[in-house]
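Trainee: Before we look at particular helices, could you show me how to read burial, packing and contacts in a model such as this one?

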Amino acid sequence: ALSALARALYFAGDLAEALNTAMAALNHPDTQRRVPTQIHARATLALVAVQEGRYSSAQTHVDIAGELVGRIGTSRSWLGANASAVRGFLLLAEGHAAEASRELATAERFFRDEVPTIHHAWLFILIASAQARRGRLDEASAAAQNARDMLAEQWGVGAEVWSVTSWGELRRDGVECEQHNLVHPEAERRT
C-alpha cells in the first residue's frame with residue numbers, strides 16, 4: 001500500500017512526500033518478501049529522481065527495478081510495463097528520444113490491455129513528448145489526443161491539445177525578427 005501511495009503522491013506533485021513514502025515502503029519489514037512492492041517503490045524513486053535532475057540515482061533505481069522484474073519473470077505484466085515506462089521517462093529526460101520511444105511503446109502495449117489508469121494517460125503524454133522530440137508530430141499529436149480522451153472518458157477531466165502549425169514558419173519569423181533588431185537597433189524591437 002505504501003508504494004501505491006508513493007506513486008499517487010508523485011502524480012499529485014508532492015515529490016518530497018512521494019520520496020519519503022517510497023523509502024518507507026522499501027524499509028518496511030515485509031517488503032523483502034514482496035518483490036512487486038520493491039519494483040513499484042523503486043520505480044517511483046526513479047521518477048522522483050528524474051524530476052529532480054538526479055539521473056544517476058534514477059538509473060540506479062531503474063536498474064534495480066528491472067533486475068527485480070527479470071528475477072520474478074514479470075516483464076510481460078503491469079509491473080514490467082511500469083518499469084519500462086520509468087526507464088523510458090529517464091531516457092527521455094537524458095535526451096535519448098528514440099530509445100525512450102521504444103521503451104514507452106513497449107509499456108503502452110501492456111497498459112492497453114489493463115483497466116485504464118492514470119499511469120496509461122501519463123504514458124501517452126510521455127509518448128507524445130518523445131515523438132515530438134523526434135520530429136514525428138503526427139504521432140505526437142495522436143498520443144496527446146489519446147491522453148486527452150482517456151482523461152475525459154475515465155475521469156471527467158477536460159484537457160486541450162495545442163500544436164504549432166509550422167515549426168519552419170515559426171523559426172523564419174524568429175530569424176527575421178532577430179535580423180531586423182540587429183540591423184535597426186534604433187527602431188521599435190520586433191518580437
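Mentor: A residue is called buried when its relative accessible area is under 20%, exposed when it is over 50%, and partly exposed in between, with a 1.4 Å probe and only protein chains considered. By that criterion, 37% of the 191 residues of the protein count as buried. Please keep in mind that this is a predicted model, in which local features need pLDDT of at least 70 and side-chain atom pairs count only at pLDDT 80 or more, whereas totals for chains, interfaces and linings use all residues. Residues are numbered from 1 along each chain as its sequence is written, and side-chain values use heavy atoms, with hydrogens and water left out.

Trainee: How many helices and strands does the protein have?

Mentor: Helices (H or I, at least four residues) and strands (E, at least two) are DSSP runs, numbered from the N terminus. The protein has 9 helices and 0 strands, and its C-alpha trace spans about 70 × 30 × 30 Å along the principal axes.

Trainee: How do α2 and α3 pack, and at what angle do they cross?

Mentor: Two packed helices are described by the angle between their axes and the distance between the axes. The axes are lines fitted to C-alpha atoms, for helices over the stretch in contact, and angles run from 0 to 180 degrees between N-to-C directions. Helix α2 (residues 15–27) and helix α3 (residues 35–51) cross at roughly 150°, their axes coming within 9 Å. That makes α2 roughly antiparallel to α3, a label for angles over 145 degrees. Contact means heavy atoms within 4.5 Å, and the residues involved include L15, A18 and L19 of α2 and T37, A41 and T44 of α3.

Trainee: What angle and axis distance describe α6 and α7?

Mentor: Helix α6 (residues 97–112) packs against helix α7 (residues 118–133) at about 155°, with the axes 9 Å apart, and the two are therefore roughly antiparallel to each other. Among the residues making the contact are L104 and F111 of α6, and L123, F124 and I127 of α7.

Trainee: Is S3 buried or exposed?

Mentor: S3, which lies in helix α1 (residues 2–11), has 7% relative accessibility and so counts as buried. Leaving aside neighbours within four places in sequence, S3 is in contact with A25, T37, H40, A41 and T44.

Terms used: Parallel < 35°, antiparallel > 145°, perpendicular 65-115°, else oblique.
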